[in-house]
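This report describes the fold of one protein chain and then turns to selected elements and residues. The sequence and the model are shown below.

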Amino acid sequence: MADSENQKFCLQEVLDSFKLCLSPEKEIYIEHYVSGWRGLVKLLNSLGSLFGFISKDAVSKTQILMNFLKSENGPHYATVQSMVKFELDNELVDVDKKGIYPQSGCRTLLRLHRALRWLQLFLERLRTSKEDDKTSVMCRDAYNESLAQHHPWLIRKSAGMAFYSLPVRPAFFEVMNAGTPEQVVDVLGKAVPLLCEVYQITEELYQKHNLLDLP
């Protein structure tokens, strides 16, 4: 398969990865979470270089998590739940904002978690949109509702410019690489609730352990 084909976004691939993400006990497998994010990075990259400010950060964060997964402590990083327990039990998280562990698994995942909320909200708006709805407005509203509150002014400004460069809805549906507009809406109808469930489980876990404001 050509390299360009490997880099092409496929909505079904993201759906498949996030399907594998949840165990029967609703634990989140980090390996599949990372795999799902690699698919979402392809989406960001397909939208143009202006989205690089988010996709580059997501790539570096997924790599940090994979490094943990391959380390001698790898078994503790099999799921989000086991990672949180391991890092809290061993005081490897900057709960007191000391800045000693800037690349802890918990902090790293939190950055992806926040961005996942934005993409989930955007894809849900896309799913329920009409043919002449503007993708730029959908993306901006989703961003303002989620990720914007965690970004400094300069990044928010860059994001605003990036949204205006988004393709119109029919072209965006082609980027999804999932067939006709009706088929795209159908796959989004399966993918978005999954993203939402993974987000919600993580949110509640982090809330329980006071990890939502890690520096």
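## Overall architecture

Of the 215 residues of the chain, 47% count as buried. The model is a predicted one. The chain contains 10 helices and zero strands, and its order along the sequence is α-α-α-α-α-α-α-α-α-α. Its radius of gyration is 17 Å, close to the 17 Å that the globule rule gives for 215 residues, so the chain is as compact as a globular protein of that length.

Taken along the principal axes, the box filled by the C-alpha atoms is roughly 50 × 40 × 35 Å. Among contacts between residues at least 6 apart in sequence, 70% join residues at least 24 apart.

## Packing of α2 against α10

Two packed helices are described by the angle between their axes and the distance between the axes. For helix α2 (residues 11-21) and helix α10 (residues 181-208), the angle is about 35° and the axes lie 9 Å apart. The crossing of α2 past α10 is left-handed. On the α2 side, the contact is made by Leu11, Gln12, Leu15, Phe18, Lys19 and Cys21. On the α10 side, it is made by Val184, Val187, Leu188, Lys190, Ala191, Leu194, Leu195 and Val198. By class, the residues of this contact comprise 11 nonpolar, one polar and two charged.

## The buried face of α2

Which residues of α2 are buried? They are Leu11, Val14, Leu15, Ser17, Phe18 and Cys21. Viewed down the axis of α2, these buried residues fall within an arc of 165°, so they line one face of the helix. An α-helix has 3.6 residues a turn, so residues three or four places apart point the same way.

The buried residues of α2 pack against α3 (30-46), α6 (105-127) and α10. Leu11, Leu15, Phe18 and Cys21 are buried and also take part in the contact with α10.

## Ser136 in helix α7

Ser136 belongs to helix α7, which spans residues 135-145. Its relative accessibility is 13%, and Ser136 therefore counts as buried, the cut-off being under 20%. Apart from residues up to four places away in sequence, Ser136 touches Phe163, Tyr164 and Leu166.

Glu131 is placed in the loop between α6 and α7. With a relative accessibility of 62%, Glu131 counts as exposed, because the cut-off for that class is over 50%.

Which residues does Glu131 contact when its neighbours within four places in sequence are left aside? Glu131 is in contact with Arg169 and Pro170. Glu131 and Arg169 are 38 residues apart along the chain, and their C-alpha atoms are separated by 6.5 Å.

Most residues other than glycine have a negative phi, and most peptide bonds are trans. Glu91 is not a glycine, yet its phi is positive, at about 55°. This residue lies in the loop between α5 (80-89) and α6. The relative accessibility of Glu91 is 62%, so Glu91 counts as exposed.

Asn210, likewise not a glycine, has a positive phi of about 55°. Where does Asn210 lie? Asn210 is in the segment after α10. Asn210 counts as exposed because its relative accessibility is 62%, with the cut-off at over 50%.

Methods
Residues are numbered from 1 along each chain as its sequence is written. This is a predicted model: local features need pLDDT of at least 70, side-chain atom pairs count only at pLDDT 80 or more; totals for chains, interfaces and linings use all residues. Side-chain values use heavy atoms; hydrogens and water are left out. Helices (H or I, at least four residues) and strands (E, at least two) are DSSP runs, numbered from the N terminus. Buried means under 20% relative accessible area, exposed over 50%, partly exposed in between (1.4 Å probe, protein chains only). Contact means heavy atoms within 4.5 Å. Axes are lines fitted to C-alpha atoms, for helices over the stretch in contact, and angles run from 0 to 180 degrees between N-to-C directions. A crossing is left-handed if the near helix is turned anticlockwise from the far one by less than a right angle, and right-handed if clockwise. Ala, Val, Leu, Ile, Met, Phe, Trp, Tyr, Cys and Pro count as nonpolar, Asp, Glu, Lys and Arg as charged, and the others, Gly among them, as polar. The arc is that of the directions from the helix axis to the C-beta atoms. The radius of gyration is taken over C-alpha atoms; the globule rule is 2.2 Å times the number of residues to the power 0.38.
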